[in-house]
Every structure is written in C-alpha cells, then in structure tokens.
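Please look through the sequence and the model below.

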Amino acid sequence: MNEVLTRTEEKMKKTLKTLEHDFQSLRTGRASAGMFEKIRVNYYGQETPLSQVASVSVPEARLVVIQPWDKGLLNEIERAIQKSELSLNPNSDGRIIRINIPPLTEDRRKDLVKHAKQIAEQSKVSLRNVRRDGNEDLKKLEKAKEISEDDLKLATTKIQELIDGYVKQVDEMLSKKETEILEV
C-alpha cells in the first residue's frame, strides 16, 4: 500500500515539474533564459538543445545574449530562433547574438494567459489520471487480499489529499504566471 502511495506522489511531482518547465518556456514581456529551453539547433546534423551549444544570459530585463561555444553555429542558432514560436528577431555581430525582447501587445498577453490556463488544465488532467491509476492499484491489492477494505479507504483518502494539494499548487503557479504575463 505504501509503495502505491509513494509511486503516486512521485508521478504527481513529475507532473508539477513538467508544468514548471512549460511555464518557463512561455514568453512574458520580460527576458529569461528559460524562454529558449525548447529551441533545438542543428549541430552537425543532430538536433541539439540550445543550452548545450551556447550560453544564454540575461544582462537586462529586455535583452538576451547568446554566446555560442562554436562560432560556426551562429547562423544555425539564429535560424532556430527565427523558426521558433517565440516570434523574436536575433541580431548577430559575428561573435554573439543579441535579442531585444519587445513589450507584448495586450492581445498577445491575453493569448498567452489563455495558453497558460490550457497548460495548467492539462496538468490537472494528468494529476487526475495519476489519482485514478493509484486508486486502481489499491483496488487490485484489496481484491488480492493484500490490504483490507479499511486500508483501501484510508489510502484513497490519502491520495485525494495529495491531489488536492497538488491541484492547489497548479492554481498558485498559474496565478503567478498570469501576473507575470499581464505585468506591463
């Protein structure tokens, strides 16, 4: 029974980590290195994460500086950023890439908030699926006479308490991201 609870909580933690990662890559009006997490660069025929071929720094609130470790990758990095869904225009001086982050329009902010809500809802669905799987595992244990009916009720209550806590964290993360996006 305890291993089912532990496994269920681990899956819920992973769902929260995924949400955090997805929120980092959402563009707000402010520059952040996390915006570039999903960008892949063609590195000698291999699609490689940008963070593995260059350093990404944020010296100012609306400026990102990308310094490739291999100067030959400058054009590939620029191309990957231009093709990305970030809608950014990189400027290169032959050594480094500078990207000015323009302020978001009101419509774009609303779209981003809507997208953030969709991501949060997907996380809640994932949490509910984890709860369902945990409860099914517990029912199998009870059917196999490995736990009693009382243990089953106790464990399902604990799983419900877990999901309530994680759903609350998802709501808090969404609220924080919404505030960040709508900040002018």
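Strand 1 (residues 40–43) and strand 2 (residues 46–49) pair in the antiparallel sense, with 4 bridges between them. Helices (H or I, at least four residues) and strands (E, at least two) are DSSP runs, numbered from the N terminus, and two strands are said to pair if DSSP finds at least two bridges between them. The model is a predicted one: local features need pLDDT of at least 70, side-chain atom pairs count only at pLDDT 80 or more, and totals for chains, interfaces and linings use all residues. Residues are numbered from 1 along each chain as its sequence is written, and side-chain values use heavy atoms, with hydrogens and water left out.

Within this pair of strands, Val41 stands opposite Thr48 in strand 2. Strand 1 and strand 2 form a hairpin with 2 residues between them. In the turn, Tyr44 has a positive phi of about 50 degrees.

There is also an open sheet of 4 strands, in the order 3-4-6-5, with antiparallel pairing. Its edge strands are strand 3 (54–60) and strand 5 (91–92), each of which pairs on one side only. Strands of a sheet pair through backbone hydrogen bonds, either parallel or antiparallel. Strand 5 is joined by 2 bridges to strand 6 (residues 97–100), and the two run antiparallel. Here Asn91 stands opposite Arg98 in strand 6.

Arg98 also takes part in a salt bridge, with Asp93, the closest N and O atoms being 3.4 Å apart. A salt bridge is a side-chain nitrogen of Lys or Arg within 4 Å of a carboxyl oxygen of Asp or Glu. Asp93 is partly exposed, with a relative accessible area of 42%, and Arg98 is partly exposed at 37%. In these terms, buried means under 20% relative accessible area, exposed over 50%, and partly exposed in between (1.4 Å probe, protein chains only).

How many salt bridges does a search of the whole structure find? The search finds 11 salt bridges. One of them joins Glu76 and Arg79, whose closest N and O atoms are 2.9 Å apart. These residues are 3 apart in helix 2 (residues 74–83), and are therefore separated by about one helical turn. Glu76 is partly exposed, with a relative accessible area of 24%, and Arg79 is partly exposed at 42%.

Another salt bridge links Asp171 with Lys124, with the closest N and O atoms 2.6 Å apart. Asp171 lies in helix 4 and Lys124 in helix 3, so the pair ties together parts that are 47 residues apart in sequence. Asp171 counts as partly exposed at 34% relative accessibility, whereas Lys124 is buried, with a relative accessible area of 16%. Elsewhere, Arg132, Asp133 and Glu136 are linked in a network of salt bridges.

The next topic is empty space. Rolling a probe the size of a water molecule over the atoms shows where empty space is left. On a 1 Å grid over the protein atoms alone, a cavity is a set of points where a 1.4 Å probe fits but cannot get out, while a pocket is an open set with protein on both sides within 12 Å along at least five of seven lines; lining residues have an atom within 4 Å of a point. Grid points are joined across faces, edges and corners, and a volume is the space filled by probe spheres set on the points.

By this rule there is 1 cavity of 30 Å³ or more. The largest cavity holds about 40 Å³ of space. Its lining includes Asp133, a member of the salt-bridge network described above. Val4, Arg7, Thr8 and Lys11 are also among the lining residues, and helix 1 and helix 3 each supply at least two residues of this lining.

The largest pocket has a volume of about 340 Å³. Of the 17 residues that line the largest pocket, Ser25, Leu26, Lys38, Glu85 and Leu86 lie nearest its centre. Helix 3 (residues 106–143) gives the largest share of this lining, 5 residues.

The second largest pocket has a volume of about 280 Å³. It is lined by 14 residues, and the closest to its centre are Glu20, Phe23, Gln24, Lys177 and Glu180. Helix 1 (2–24) and helix 4 (149–182) are the elements that give two or more residues to this lining, and the largest share, 4 residues, comes from helix 4.
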